[in-house]
Amino acid sequence: MEASLHNNPNPSSKMEASLHNNPNASSKMEAPLQSNLDPLSYYSSLWNSMVPPSTKPALQTPPSPRALKEPSMDPSQYPRTMPIEMVVSNILKNPPRMGVENALNELRLGVSVQFVEDVLKLSYGAGIDAIKFFRWSGLKLGRKHSPLAFNLLVDLLGKEKLFEAMWDCIKVMKNEGFMSMETFSSVFGNYVQAGKVEEARMTFEVMEQYGFQQDVVALNCLLSALCRHKQVKAAVEFLDKMKARIAPDADTYALLLEGWEIVGDVTNARITFGEMVSRIGWLPNNTAAYNAFLSMLVNGSRFEEASRYLFTMSNRKCLPDLAFFRNTLQILYQRKNTKDAYGLWEFMRQNGIVPDLPAYNTIIAVSCSVIPIQVDFVDRLLDEMVLNGVFPDFKTYNTIFEGLIAARKVEEASSIFREMTKNEFCPLYANYVMAIKMYLEADDPEMAVTMWKHMIQKAIFPKSDCAAILIDWFCDLGRVSEAVKYSMEATARGVQLPVETTTKLKKALSQAGKQDAYAQLEKKK
């Protein structure tokens, strides 16, 4: 192999041809590197195949004054807080004229295995220059790159569609004993993402030459890549061909169902689900498959069908996990489907599914959005969630507070306000405004003022709409002194009162014989 790599300026083209045009010719492609190479020659055989040396001498171009210190190689050009790994990554993505290796040498870096891994994680898009960094750092490490670094390079090259270089790197990994299923998972995914489905399947066929069995784990890796990139039909076709050799497991069907969910194909999902139940039965821990299938039905506005499957699963003691119920509750709430949301909540209770905070917040939002608001039910939920070790948060309290204000439940709103502030949560600004308006309309100016003061205390500065509501109300009642007081508080915080409010205030002061007070207010603006 070494001779072919040094003599052929494009050696990997033969490798690709042997893989993709002749399945039986893979022995040429898989020939191991000679084991008697020293470390430097070992790397050289890899890198010469990827970046053949130029036969032309490099031109010696005098640098211009502006190029004496190129930003991409001078650490002082970067913010002091920028990690050195990011500096190196920027060099690889924007290589300077002097070349990547020279630029790296000028940085005088200490190289470690972890450093190489961190740079590669940041260097997607660097292409061939990432290979140069890998070679440069490998020489400094004495050929002690980690398996993770190799896998990162394989993935990076695959995403850049540098498949010939990718396979040369894989050959080195094979000789080092660094190959893993993660390597093949990366190859599968990058081939499929590049539209090379047949190459991904052919890679599966040559896995045994790298010491990996063509078992269900390997099969699932390929199916996962196909399904992630919406090649679900190709995944099913390949599975049909392999069933006689490899028995699919629960993960196999979960991957297919997740794929059908991505493409939104309910018809084929039903077929796959039926085949899954027929071949492997009902498995309590197969939640990924149940989640994907039921979520697709719910997202496709087929909640009734999903409910029928849910009851069947309940009888079989096989249910989706909490994530499905949480997401479905949110969807039903967004669709204003209160009936089914309550039905699903009751199903959860009957089947011992303990809600988490987002689920509680959603069902509370459902209860606060109905007419009339379900105050008693919300109170029970608050008590229940604490017993389950789940505690109300900012969203919980504001959802309830907003619902009570909208329903004009004055006493209940005051009660929840006291509870939330006791637990150090504040209302949203919009809820402050609505609450002040509600309390004034309910002839409870003391509570309205309490809301105003609490807002000021928490540095939630009022805007013109909130200030106008309070000032207008005191003006209308002839309580001019209070109107002036809150006008001054508002203007002191930069609030520009509406013209209508200032006109009303001026008129009220004039009628009360306090024109001087308005003049003083104008001076403080």
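A charge is taken to sit over a ring if NZ of Lys or CZ of Arg is within 6 Å of the ring centre and within 35 degrees of the ring normal.

**View 1. Lysine charges over tyrosine rings.** The charged end of Lys-463 is placed over the ring of Tyr-429, at 5.2 Å from its centre. Lys-174 lies over the face of Tyr-210, 5.1 Å from the ring centre. The model is predicted, with local features requiring pLDDT of at least 70 and side-chain atom pairs pLDDT 80 or more, whereas totals for chains, interfaces and linings use all residues. Residues are numbered from 1 along each chain as its sequence is written, and side-chain values use heavy atoms, without hydrogens and water.

**View 2. A cluster of aromatic rings.** Ring pairs join Trp-167, Phe-184, Phe-188, Tyr-210 and Phe-212 into a cluster. Rings of Phe, Tyr and Trp (its six-membered ring) pair if their centres lie within 6.5 Å; planes under 30 degrees apart count as stacked, over 60 as edge-to-face and the rest as tilted.

**View 3. The pair of Phe-115 and Phe-133.** Across the whole structure, 26 aromatic pairs are found. Phe-115 and Phe-133 form an edge-to-face pair, with 6.3 Å between centres and 65° between the planes. Because Phe-115 lies in helix H7 (residues 113-122) and Phe-133 in helix H8 (residues 128-141), the pair ties together parts 18 residues apart in sequence. Helices (H or I, at least four residues) are DSSP runs, numbered from the N terminus. Phe-115 is buried at 6% relative accessible area, and Phe-133 is buried at 0%; buried means under 20% relative accessible area (1.4 Å probe, protein chains only).

Note on methods. Helix = DSSP H or I, 4+ residues; strand = E, 2+ residues; numbered from the N terminus. Buried < 20%, exposed > 50% of the residue type's maximum accessible area, 1.4 Å probe, protein only.
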